[in-house]
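Trainee: I would like to learn how to read sheets, helix packing and contacts in a model. Can you take me through one?

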Amino acid sequence: MEYRITAPLDKSVVGRLRAGDYVWISGTIYTARDAAHKRMQEALDAGQELPVDWKDNIIYYMGPSPAREGRVIGSAGPTTSSRMDPYAPRLLDMGLGGMIGKGKRSKEVTKAIVRSGAVYFAAVGGAGALLSRQIKKAEVVAYDDLGTEAIRRLEVEDFPVIVVIDPEGNDLYERVRTEKTGIS
Amino acid sequence: MIREVEVGELTRQIRDMCIQVNHYLSKDMACAMETAAEKEQSLLGKKILGQLEENLKIAGEEQIPICQDTGMAVVFLKIGQDVHLTGGDLGRAVEEGVRRGYMEGYLRRSVVGDPLIRENTKDNTPAVLHTQIVPGDQVTITVAPKGFGSENMSRIAMLKPAQGVEGVKQVILDTVREAGPNACPPLVVGVGIGGTFEKAALLAKQALTRPVGEKAKEAHIRSLEEEMLEKVNALGIGPGGLGGTVTALAVHINTYATHIAGLPVAVNLCCHVNRHIKRVI
């Protein structure tokens, strides 16, 4: 199936998404990768508030290349999600609606996705120039000192992704691995 | 005759090479991507390869790096033994080239100075520099920025001689299978067999800089490359790891003599943005 959806996410829409669906996202999403996740974890451990309320929001695992003058952003493709696996369940339990990245997730993350009714999308790895065109605005909202790893708020239009893990826990990569679905 | 080469020339060349290689794929890679799009049998796989083609076009036309992970700069220098390098410290000249390339070329700064403290050096230095003294009076520079999505999925195995070629095949297949979608397929698979622990890894890295389509010189290695490409593609991982018949564009194997007791095998994976550029001065 193909869907056009908006972010922040509507839980009833997410509930219909299934692994393998092709989805275009429009609206507001946020970037965070390794260093930002580590810092958020430390903030939570210290009993502090996070810079973003993650409820129903999407985190895009991405650290852009610098924008040239007059441009919104540089190259902006997904990074490998599994490095964020140690941090993701906690954010999902706080209401995080979805994640965009690339690559496999741990069992713990899949369980947390099911538990919280969230979704994991993949964007095409290595298509950073193409994907940057769907980003209409970019603004650092926290951890500016982390450079490319700062948390950014992005306004996206028709940002193309594929559902990899749906709220029922179906996993597209797992299906490819066991059934070699692509070869028909 | 001793030929003098000013290290500032290396700085200028490396700066330009860092910028060029992050915006344009080399001809061999661009051709391999086109062929992949024709060969791929999965519809979704074809669609993804189409997007990657489009991505390459946009990168060149709009001067946006092909991938946001513009890598850690790996620089190979083959220095002729009749060359006298003048005008400063060679290592610093290389660093300066990388620094200027990444700062002036709007490339991402992805390097942390200490692997445990992890503070970004903010100019993508230091580079990883490999020098080799060779006959002649020329300097050959190869710049190969390496992204870490695929670097993280690379492996080294110290096999025992009894495991033989079957063991080598197993290591290659296991590495690609485990990487699955993480390393951004379609891949180029660089393999180093033989040498010592570090030599095998270096052979694998160098294998990635070989033009795609160029085969190994030794007949038995050439046929191993062909066999492994077929087997890797039969895994069905496909473009983006979403299923398909093109999991790798090429398998390149470099070999070296080794010890009677050992059979080191290193598998260095690279994504479809396999960047390498070579200049001779």
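Mentor: We go through the sheets, the helix pairs, the domains and the chain contact in turn.

Mentor: Ground rules come before that. This is a predicted model, in which local features need pLDDT of at least 70, side-chain atom pairs count only at pLDDT 80 or more, and totals for chains, interfaces and linings use all residues. Residues are numbered from 1 along each chain as its sequence is written, while chains are lettered from A and ligands numbered from 1 in the order in which they are written.

Trainee: In what order do the strands β4, β2, β5 and β10 of chain B lie in their sheet?

Mentor: Terms before the case. Helices (H or I, at least four residues) and strands (E, at least two) are DSSP runs, numbered from the N terminus. Two strands pair if DSSP finds at least two bridges between them. Here 4 strands of chain B form an open sheet in the order β4-β2-β5-β10, with mixed pairing. β4 (128-134) and β10 of chain B each have a single partner strand, so one side of each is left without a neighbour in the sheet. Neighbouring strands are turned by 15° against each other on average, direction ignored. Axes are lines fitted to C-alpha atoms, for helices over the stretch in contact, and angles run from 0 to 180 degrees between N-to-C directions.

Trainee: How many bridges join β5(B) to β2 (residues 74-80) of chain B, and which residue is the bridge partner of B:V75?

Mentor: β2(B) and β5(B) pair in the antiparallel sense over 5 bridges. B:V75 has B:V143 as its bridge partner, and B:I79 has B:V139. On the other pairing, β5(B) and β10 (residues 277-280) of chain B are antiparallel over 4 bridges. There B:T142 is bridged to B:K278.

Trainee: Which residues make up the covered face of β5 (residues 139-143) of chain B?

Mentor: B:V139, B:I141 and B:V143 form the covered face, and B:T140 and B:T142 the uncovered one. Helix α1 (residues 7-23) of chain B packs on this sheet, touching β2, β5 and β10 of chain B. The direction of α1(B) makes about 30° with that of β5(B). Contact means that the C-beta atoms of two residues, placed from the backbone, lie within 7 Å.

Trainee: How do I describe two packed helices?

Mentor: By the angle between their axes and the distance between the axes. α1(B) and α4 (residues 90-104) of chain B pack at about 35°, with axes 7 Å apart. Their crossing is right-handed. A crossing is left-handed if the near helix is turned anticlockwise from the far one by less than a right angle, and right-handed if clockwise. Among the residues in contact are B:I14 and B:C18 of α1(B) and B:V94 and B:G97 of α4(B). The contact divides into 10 nonpolar, 5 polar and 4 charged residues. Ala, Val, Leu, Ile, Met, Phe, Trp, Tyr, Cys and Pro count as nonpolar, Asp, Glu, Lys and Arg as charged, and the others, Gly among them, as polar.

Trainee: At what angle do α6 (residues 164-179) of chain B and α8(B) pack?

Mentor: At about 40°, with their axes 10 Å apart. The crossing of α6(B) and α8(B) is right-handed. Residues in contact include B:I172 and B:V176 of α6(B) and B:L224 and B:M228 of α8(B). By class, this contact has 7 nonpolar, no polar and 2 charged residues.

Trainee: Which strands does α8 (residues 219-233) of chain B touch?

Mentor: Start with the sheet, an open one of 4 strands in chain B, ordered β6-β9-β7-β8 with mixed pairing. β6 (155-159) and β8 (248-258) of chain B stand at its edges, each with a single partner strand. β7 (residues 187-195) of chain B and β8(B) are parallel over 9 bridges. One bridge joins B:V191 to B:I253. α8(B) touches β7 and β8 of chain B, and its direction makes about 140° with that of β8(B).

Trainee: What are the domains of chain B?

Mentor: Domain bounds come from an automatic or database domain assignment. For chain B this gives domain 1 (3-20 + 67-145) and domain 2 (148-273). Their centres, taken over C-alpha atoms, are 26 Å apart. The contact takes 6 residues from domain 1 of chain B and 7 residues from domain 2 of chain B.

Trainee: How many residues does each chain give to the contact of chain A with chain B?

Mentor: Chain A gives 38 residues and chain B gives 43 residues. On chain A, α5 (128-132) and α6 (172-179) each supply at least two residues. The side of chain A that touches chain B has 14 nonpolar, 18 polar and 6 charged residues.

How values were computed
A residue is buried if 20 or more other C-beta atoms lie within 10 Å of its own, exposed if 12 or fewer, and partly exposed in between; C-beta atoms are placed from the backbone.
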